[in-house]
Amino acid sequence: MPKKLIHLVRHGAGLHDETHDTSIPDPLLTDLGASQATALRDLLATHNVFPTLELVASSPLRRCIQTSLIAFQPYLSSHPSLLLLPRSQESSAEPANTGSSIPAIADFFKDQPVALDFSMCDRYPEFNSKTGLFAPTTPALEERAKELRRLLREREERVVAVAAHGNFLHHITGMIDVEGKQVGGDWENAEWRVFEFVDGTGEGNGVVDVEDGIVETEWSWRRRGAEGPSLVAGGGGEGDVEGLDRGW
């Protein structure tokens, strides 16, 4: 069976990133964030990602939707539907990390040429309540990340892109230690990494055992100039990826 790949990206810079004010409700991208999303689009095009994609999905927070609409525009122009995944929203409960209501999101993006698919949000009407599955507690976050990985693994699409958030990306990728703290370094705004599924009995990225675990591909971490899967890049630019299989 062909590999199942997930292109994970973090949203571009939001207004709360610029002002360090997490009391801003569901903030939008700044001009810098939009330019970062544009640069990401160009990077994905350079690596010929768009012809291989079979699904693009996003957290329902507005900065992630905006990032997706910009960064994945070449794909969405011919596949004009963006799946919103409430399970990929950010971890904490500050206003900046709490989603808007479905009617508010639909109204804000009503003039976009891409249809927003709210089917998953409809299944979880409490998705912006920060309670239950969406509570900012370690057990809920781990369960939500596990459910998201399982959902992506069970879908028929083989190459999927998901826009999410810096903190929750650590939970998705298993970069959490036994005390529930993040490891591996922060994701930059509009950063892109590529992951593949490992067996449920495997160790994911090597940090924690996870069901339906994912591991960053060697091509991905070498391209970023990192020393290994899911580790922060060393700042030396793109690594040596000549001859490595990208997997798509």
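## Ground rules

Because the model is predicted, local features need pLDDT of at least 70 and side-chain atom pairs count only at pLDDT 80 or more, while totals for chains, interfaces and linings use all residues. Residues are numbered from 1 along each chain as its sequence is written, and side-chain values use heavy atoms, with hydrogens and water left out.

A pocket here is an open set of points on a 1 Å grid over the protein atoms alone, where a 1.4 Å probe fits and protein lies on both sides within 12 Å along at least five of seven lines; its lining residues have an atom within 4 Å of a point.

## The largest pocket

Let's start with the largest pocket, which has a volume (the space filled by probe spheres set on the points) of about 270 Å³. Its lining counts 17 residues, and Arg 10, Glu 90, Gly 166, Asn 167 and Gln 182 lie nearest its centre.

Helices H1 (15-19) and H8 (166-173) each give at least two residues to this lining, with H8 supplying the largest share, 3 residues. Helices are DSSP runs of H or I, at least four residues, and strands are runs of E, at least two. By class, the lining holds 3 nonpolar, 9 polar and 5 charged residues; Asp, Glu, Lys and Arg count as charged, Ala, Val, Leu, Ile, Met, Phe, Trp, Tyr, Cys and Pro as nonpolar, and the others, Gly among them, as polar.

## The second largest pocket

Next comes a space of about 160 Å³, lined by 13 residues, with Glu 188, Asn 189, Ala 190, Glu 191 and Trp 192 nearest the centre. Helix H2 (31-46) and strand E6 (192-197) each give two or more residues to this lining, and the largest share, 4 residues, comes from H2. The lining divides into 7 nonpolar, 2 polar and 4 charged residues.
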